[in-house]
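Thanks, everyone. Let me put the model on the screen, and then I'll walk through it chain by chain.

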Amino acid sequence: MSAVYGLYPDGHAAQQAVNRLRAAGVADRDITILSARPMEEFEFGQRDRQTWMWWFASFGGLLGMAAGYGLSWLTETSWAIDVGGLPTFAWWPNLIVMFELTMLGAILAAVLTLVVSALLPTRGQTLYDPEVSEGQILVGVERPGEARLADLEQALSAPPGARVKQSP
Amino acid sequence: MTPATGTRINDDLTRPLLLTSWRFYLLVAFFGAFVAAGLAAWFSQIFFGIGIAGIRWPVYWGFYVTNFVFWIGISHAGTLISAILRLVDAGWRRPVTRCAEVITVFALMIGALFPIIHLGRPWLAFWLFPYPSERLIWPNFRSPLVWDFFAINTYLTGSILFLLLPMIPDFAVVRDRSTGLRHRIYRLLALGWRGTPKQWHRLETAMQIMAIAILPVAVSVHTIVSFDFSMAPVPMWQSTIFGPYFVAGAIFSGIAALIIAMAALRRFLQLEEYLRPIHFDNLGKLLLMMALIWGYFVFNERLVTYYGNEPAEMTVFWRTQRQSFAPLHWTMIACNFLVPLVLMGIRRFRTIGGCVVASFAVIVGMWLERFLIIVPSLGAKYLPYSFGIYRPQPVEIIITAATFAAMGLLYVLFAKVIPIISIWELKAGEHTPSAAARALDEERLGKVRP
């Protein structure tokens with residue numbers, strides 16, 4: 001058996017299940033919680049909130065700005081053309097290209113961080129139930145071990161409306 | 001009306017994906033016929049040369065550049081409006097955002113096509129791109145046309161990602177509800193989405209960052225499009241208000257396009273419970289506000305030109321006020337100002353039907369506005385020897401009509417394969433998470449609500 005889990009109709013029941021699993025000695029990192037919408041109004045929905053995404057986006061923006069500066073400088077100095085008396089490397093018009101690439105860098109870095117930090121790591125995890133899409137909240141433990149199975153099932157089945165399942 | 005439950009939301013919003021009615025084929029055939037005609041017209045222009053279009057000295061920018069500016073303006077319907085509503089956490093945005101973001105992506109694609117159509121020799125379009133050729137000649141980075149390249153591509157890339165990211169959880173819903181090949185496709189698209197708290201937090205943070213980044217980009221795009229005009233020494237083009245004037249017009253036409261799209265979706269996909277009169281009422285108020293802002297800019301532009309009394313500018317001014325272009329000018333004023341003012345200003349008329357009528361008027365008026373900025377000025381540049389007349393030819397009219405059909409076709413196809421309303425955001429809205437989160441924050445901060 002690879003996992004034991006409960007399906008709950010609302011966040012309150014899911015919160016109770018999480019609390020009971022903790023009381024049974026399961027560490028937070030071993031508890032899987034899946035929902036069809038963000039559950040920020042519950043304590044379990046606040047897990048894994050810390051992220052470096054803002055910093056990565058800022059760094060991506062800086063990289064984009066540097067790319068914009070480099071591209072403008074390279075193109076304008078490699079073949080100097082007189083444009084209405086502007087300097088060969090004119091700051092005002094180049095700010096536009098630098099701005100656009102700054103924003104592009106920030107956007108791409110944010111998306112890349114999302115993919116790397118939240119989507120790729122789930123590839124190895126298998127616990128899932130299609131009923132999550134229908135609004136059920138899944139709380140479970142992967143690879144629980146036979147010795148703890150009864151305790152975990154008891155903890156998961158206690159909240160109202162719980163339906164406990166095992167995945168083979 | 002009772003609020004929709006999670007399962008019913010899934011049923012209602014995935015139904016168009018899983019069931020195909022005759023209406024779908026009818027709409028695809030209808031729009032597809034126009035698009036096919038447009039493609040045939042374009043190929044004929046490529047085959048016979050740009051001479052079969054009406055653009056010739058001194059009016060080198062006609063319908064094609066009008067359409068370019070118009071569609072880039074329409075693109076402000078989505079990402080800009082959606083980003084603003086996300087950042088201010090407007091609860092009523094939830095059923096609206098995706099309908100709007102889709103318009104942005106398709107309108108940008110259509111708009112970006114026009115410079116290529118306008119080239120006449122589209123196979124040379126790559127000359128516009130900044131690539132190191134063997135001659136070591138780069139595009140001129142001090143030209144607004146190169147700024148257009150960067151701005152439009154940044155906006156298009158950002159808008160596609162802004163549209164795609166919140167789709168991932170909805171792909172997972174369709175994945176769980178479908179079978180066979182469709183299941184395999186949506187499983188790939190869902191990128192392994194399961195709905196862990198970490199995934200939700202990362203998604204929402206990414207959306208927040210993108211909303212903040214995309215807002216100035218959206219403003220910059222139409223400002224830069226306005227620079228295509230205001231950087232040129234052409235009467236009534238060299239104006240410092242062109243940037244905000246174009247941005248205001250873009251948002252104005254974007255809201256109108258969004259209202260029309262939402263009304264069509266509501267009717268054809270039976271989404272009355274999700275796209276409710278309150279959404280149209282709110283968008284109608286926005287339309288009214290933008291009509292007033294647009295009117296302010298037009299008054300500003302006209303009064304300053306009139307007061308300045310510069311001969312070349314006054315030639316263009318009178319052409320639009322009293323002479324050959326006057327019928328188009330006053331139609332524009334009626335469509336963009338008077339009709340929205342009456343229909344959206346009087347509460348009794350601010351119904352779904354009233355919003356749609358006003359929006360159609362605005363779409364017509366904004367297209368005319370773009371046309372009237374371009375053609376009268378180019379046809380009357382300073383010295384009378386360079387005056388000229390522009391007569392649009394059938395190829396330009398057919399291509400113009402085809403782009404509206406292309407918008408319709410792309411929208412119908414999109415709604416067939418992707419939930420047109422964000423399922424997870426709608427579910428989240430049912431539970432008013434922002435209010436609950438605020439309550440949680442207050443609890444954490446030790447505040448007691450009265």
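Chain A comes to four helices and four strands. Helices here are DSSP runs of H or I with at least four residues, strands are runs of E with at least two, and both are numbered from the N terminus. Along the sequence, the pattern of chain A reads β-α-β-α-α-β-α-β.

Some ground rules. This is a predicted model, where local features need pLDDT of at least 70, side-chain atom pairs count only at pLDDT 80 or more, and totals for chains, interfaces and linings use all residues. Residues are numbered from 1 along each chain as its sequence is written, and chains are lettered from A and ligands numbered from 1 in the order in which they are written.

Now the overall form of chain A. Its C-alpha trace spans about 80 × 30 × 25 Å along the principal axes.

How is chain A divided into domains? Domain 1 takes 3–49 + 124–167, and domain 2 takes 53–120. The bounds come from an automatic or database domain assignment. Over C-alpha atoms, the centres of domain 1 and domain 2 of chain A are 45 Å apart.

One backbone detail in chain A. A:Arg143 sits in the loop between β3 (137–142) and α4 (149–157). Its phi is near 45°, a positive value in a residue other than glycine. Most residues other than glycine have a negative phi, and most peptide bonds are trans.

The peptide bond from B:Trp57 to B:Pro58 is cis, with omega near 0°. B:Pro58 lies in the loop between α2 (22–48) and α3 (63–74) of chain B.

On to the fold of chain B. It has 17 helices and zero strands. Its radius of gyration is 23 Å, close to the 22 Å the globule rule gives for 450 residues, so chain B is as compact as a globular protein of that length. The C-alpha trace of chain B spans about 70 × 55 × 45 Å along its principal axes.

Next, a helix pair. α12 (residues 311–321) and α14 (residues 352–378) of chain B pack at about 125°, axes 9 Å apart. Axes are lines fitted to C-alpha atoms, for helices over the stretch in contact, and angles run from 0 to 180 degrees between N-to-C directions. α12(B) and α14(B) are therefore oblique to each other. For the classes, under 35 degrees is roughly parallel, over 145 roughly antiparallel, 65 to 115 roughly perpendicular, and the rest oblique.

Which residues make this contact? B:Val316, B:Arg319 and B:Thr320 come from α12(B), and B:Leu372, B:Pro376 and B:Ser377 from α14(B). Contact means C-beta atoms, placed from the backbone, within 7 Å.

Last, the interface. Chain A puts in 53 residues and chain B 51 residues. On the chain A side, β2 (31–34), α2 (53–78) and α3 (91–119) each supply at least two residues. α3(A) gives the most, with 17 residues. By class, that side of chain A has 32 nonpolar, 11 polar and 10 charged residues. Nonpolar covers Ala, Val, Leu, Ile, Met, Phe, Trp, Tyr, Cys and Pro; charged covers Asp, Glu, Lys and Arg; the others, Gly among them, are polar.

Notes:
Two residues are in contact if their C-beta atoms, placed from the backbone, lie within 7 Å. The radius of gyration is taken over C-alpha atoms; the globule rule is 2.2 Å times the number of residues to the power 0.38.
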